[in-house]
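Here is a short briefing on one protein chain. Look over the sequence and the model first, then work through the points by topic.

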Amino acid sequence: MALDLATYDPVRTKSDEAALRQGYYFDREAAALPCSFIETFCGIPTGLAAGEPFVLLDWQRRLTWDLYGWVHTDTGRRRYREAYVTLAKKSGKSLYVSALILYALMADGEESPEIHLNAVDRSQAGRLYDEARKMIAASPALSSRLKLADGVKRIEFQRMNGVIRTNSADVDSKDGASSSFTCFDELHLQNSWKLWDVFRYAGISRRNPLTLSITTAGINRDGPCWDRNQHAWRVLDGEVVDLHFLPVVYGPRPGVDVDVDDPEVWRLANPSLGVTTSLEDFRSQLEEAKRTPAALARFKRYRLNAWVSESGKFFNLASWNSSAKRHEIGSCLLAGMPCWAGLDVSSTSDLTALAVVFYDPVADEHHVFTWCWCPQGEADRRAAAGWPLYQRWADEGRLELTDGPRIDYARIAQVVAEVYERTKFKVLNLDSYNVMTMGTFLGGLGVPHQEVRKGWRTMSQPTKEYERRVTLGKIRHGREEDPVLTWCMGNAVPSKGEARGNVTLDKERSSDKIDAVDAVLNGFLGWMDEQAQPDDVPLIGVLG
C-alpha cells in the first residue's frame with residue numbers, strides 16, 4: 001500500500017514526542033514541496049527507465065517528509081539539522097541524493113544556497129558530480145537554469161547566487177564554507193574525522209542547515225560513520241533524546257548475526273528490493289557469495305547492510321559487542337570473586353594499559369576492567385592527523401592523558417597501587433619490556449608483580465582460551481565504559497607460533513594499538529596459571 005501524506009504519522013521515537021512538547025509540529029504542506037519539485041523537474045537519466053519522471057520510492061518519500069515537514073510553531077525553522085541514513089547498496093541512493101541537492105539549490109528558499117557534496121577522494125567526488133550532471137542534462141527545465149563547470153565539478157544557480165560544490169578528504173581547501181546543505185556520501189569510507197570536523201559547524205549561520213550522511217555499513221569503528229551509527233541506535237532505542245537528529249536505519253543492529261537466507265532480513269536492509277534490484281538477481285548474488293567466507297562477508301555488508309569485522313581480525317566482535325555487561329567492581333568483591341591484574345607498558349609515547357580480571361566460578365565467567373593512559377603529546381599528534389579519538393576518550397573520562405610527550409611511569413604506578421589497595425588482586429603480570437623501571441616503582445609501593453616473557457610458549461594457551469570465551473560470551477566487559485579496549489579488540493591480528501596451532505597477537509601486523517587487550521591477556525594468564533599449579537607455589541617470579 002502506497003504511503004499517503006494525509007494519514008502519515010511521523011511520531012515514532014521519544015525524540016519525536018519531545019519535539020512536540022518543544023513546539024514542533026508536522027506541516028504536511030511543507031513536507032510535500034520537495035517531493036513535488038523532484039517528481040516534476042527531475043527525471044531518470046540512464047538505464048531502462050531513462051527519460052521517465054523520477055517517482056520517489058516509499059523510503060525516499062518518508063525520508064523527505066521527515067526532513068522538511070517538521071517545523072517550529074514560533075520560528076518556522078525546520079527541526080532537523082542532521083540526518084544519518086544507512087541502507088544496502090543498489091537501493092537508489094545516488095539518484096535520490098542528486099534530486100535532493102537540486103531542490104536544496106533551487107527551491108528551498110535559502111539565501112545564496114551553498115551545497116557541499118563530500119566524498120573520500122577525487123574519484124568518488126567525481127561520481128557524485130556526474131550523477132547530478134546527468135540528471136540536469138535529462139531535464140530541459142533544469143539544464144536551462146543551471147550552469148555546469150565540469151573542470152572543477154561545480155553546479156551554479158546564478159539567479160539565486162547558489163552553488164553545489166564537490167569536496168574530497170584528500171584536498172585541504174574546505175575551510176570557510178557556509179554550507180546550507182552538506183551531504184556525506186558513503187560516510188563509512190571516511191576513515192579520518194578531518195573532513196567531518198571541517199563541516200561540523202559549517203552551517204551555523206544558516207536558517208535551516210542540514211547535514212545528510214547516507215551510507216552502507218562499514219568496517220571501520222574509529223571514524224565518524226560508526227559514531228553516528230551508534231548515536232542513531234541510541235536515539236531509536238530512546239536512550240538519547242536528540243530533537244535535531246534524524247536516524248534512518250535499514251538493516252540489522254551491529255553485533256547481531258544475520259540469517260542470510262531469511263527474506264525478511266533482505267527486506268529490512270533493502271527497502272527498494274523488487275524495484276531497483278529484482279528478487280531473482282538478489283538470490284543469485286547470495287548463492288554466488290556463499291562460495292567463500294570472504295565473499296559472504298562482503299554480501300552481508302553491502303547487500304544486507306551489516307557491520308562486519310575486517311578480514312584477518314582475531315576476535316569475534318559480534319560476540320564481544322553482544323556479551324552481558326560486567327558487574328561493578330564492588331559487586332565482584334562482595335561476591336568473593338578472585339582477581340588478577342595485567343599491565344602493558346608502552347615504550348615512551350603511546351598507550352599503556354592496566355587490566356583487572358575477576359573470575360566468577362559459579363557462572364564460569366570473567367569480568368574485565370581496564371585503565372588506559374597516553375601522553376598528551378601523542379593525543380595532540382593524532383588529532384592533528386585527523387584522528388581525535390584519544391582526546392575524545394579523554395574528555396569522556398575513558399582515557400587519562402599524562403603531561404608531556406612521554407609516558408609518566410610514576411603516575412601509572414600510583415594508580416596501579418590504588419587499584420591493588422581496592423581489589424587486592426593476587427598478582428600483577430608485567431611484560432619484560434620496561435620491567436626494570438616499572439618494577440622499581442611497583443616494588444616501592446608494595447604491589448605484588450611478576451615478569452612475563454612474551455612468546456607463544458607463554459601466551460598461546462591464554463590467547464586461545466580468551467578468544468574461545470569471547471566467542472561464548474564468557475568475557476563480560478564495560479561496553480561504552482571501555483571504548484579503548486573494544487577498539488584494541490578490533491585491531492588485534494594473530495600471528496602463528498613456532499609450533500603448529502600456537503597463536504599469539506601480533507602488534508606489528510595489527511591495524512593499530514592492541515595494548516589494552518595485551519593487558520587483559522596478562523591478567524588472564526594469572527588466572528590460567530593458578531588453575532595449573534598447587535596453592536602453595538609462590539607466584540612472584542618470572543614466567544616464560
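Serine 112 is partly exposed, because its relative accessible area of 30% lies between the 20% and 50% cut-offs. The model is predicted. The points below start with residues in loops, then turn to a helix, the nonpolar cores and the cavities.

**Two loop residues with positive phi**

- Serine 112 sits in the loop that runs between helix H4 (93-106) and strand S4 (114-119).
- The phi of serine 112 is near 45°, a positive value in a residue other than glycine.
- Asparagine 161 also has a positive phi, of about 55°, although it is not a glycine.
- The loop that holds asparagine 161 lies between strand S6 (154-157) and strand S7 (162-168).
- Is asparagine 161 buried or exposed? Asparagine 161 counts as exposed, because its relative accessibility is 55% and the cut-off is over 50%.

**A buried loop residue**

- Leucine 243 is in the loop between helix H8 (224-237) and strand S10 (245-249).
- Leucine 243 has a relative accessible area of 18%, so it is buried: the cut-off is under 20%.
- Which residues does leucine 243 touch, not counting those up to four places away in sequence? They are Ser15, Ala18, Ala19, Gln22, Arg79 and Tyr80.
- Tyrosine 80 is 163 residues from leucine 243 along the chain, yet their C-alpha atoms are separated by 7.2 Å.

**Helix H18**

- Helix H18 has 16 residues, 456-471.
- At 1.5 Å a residue, H18 should span 22 Å. Its end C-alpha atoms are 21 Å apart, which agrees.
- Buried residues in H18 include Trp456, Met459, Pro462, Tyr466 and Val470.
- Thr458, Ser460, Thr463, Glu465 and Arg469 of H18 are buried too.

**Nonpolar cores**

- The largest nonpolar core has 61 residues.
- Which members of this core touch the most other members? They are Phe315, Tyr390, Leu399, Tyr466 and Met489.
- Helix H20 (residues 515-531) gives the most to this core, with eight residues.
- Tyrosine 390 has contacts with Asp350, Leu351, Cys374, Glu378, Ala379, Arg382, Leu399, Trp487 and Lys513. Residues up to four places away in sequence are not counted here.

**Cavities**

- Rolling a probe the size of a water molecule over the atoms shows where empty space is left.
- How many cavities of 30 Å³ or more are there? The count comes to four.
- The largest cavity has a volume of about 50 Å³.
- Tyr68, Arg78, Ala104, Asp108, Glu110, Ser180, Phe181, Asn208 and Leu210 line the largest cavity.
- By class, that lining has four nonpolar, two polar and three charged residues.
- The second largest cavity holds about 50 Å³ of space.
- Its lining is made up of Thr86, Ala217, Asn229, Trp233, Val249, Gly251, Pro252, Pro254, Asn305 and Trp307.
- In the second largest cavity, the lining has six nonpolar, four polar and no charged residues.

Notes. Residues are numbered from 1 along each chain as its sequence is written. This is a predicted model: local features need pLDDT of at least 70, side-chain atom pairs count only at pLDDT 80 or more; totals for chains, interfaces and linings use all residues. Side-chain values use heavy atoms; hydrogens and water are left out. On a 1 Å grid over the protein atoms alone, a cavity is a set of points where a 1.4 Å probe fits but cannot get out, and a pocket is an open set with protein on both sides within 12 Å along at least five of seven lines; lining residues have an atom within 4 Å of a point. Grid points are joined across faces, edges and corners, and a volume is the space filled by probe spheres set on the points. Ala, Val, Leu, Ile, Met, Phe, Trp, Tyr, Cys and Pro count as nonpolar, Asp, Glu, Lys and Arg as charged, and the others, Gly among them, as polar. Helices (H or I, at least four residues) and strands (E, at least two) are DSSP runs, numbered from the N terminus. The expected span of a helix is 1.5 Å times one less than its number of residues. Buried means under 20% relative accessible area, exposed over 50%, partly exposed in between (1.4 Å probe, protein chains only). A nonpolar core is a set of buried Ala, Val, Leu, Ile, Met, Phe, Trp, Tyr and Cys residues joined through side-chain atoms within 4.5 Å. Contact means heavy atoms within 4.5 Å.
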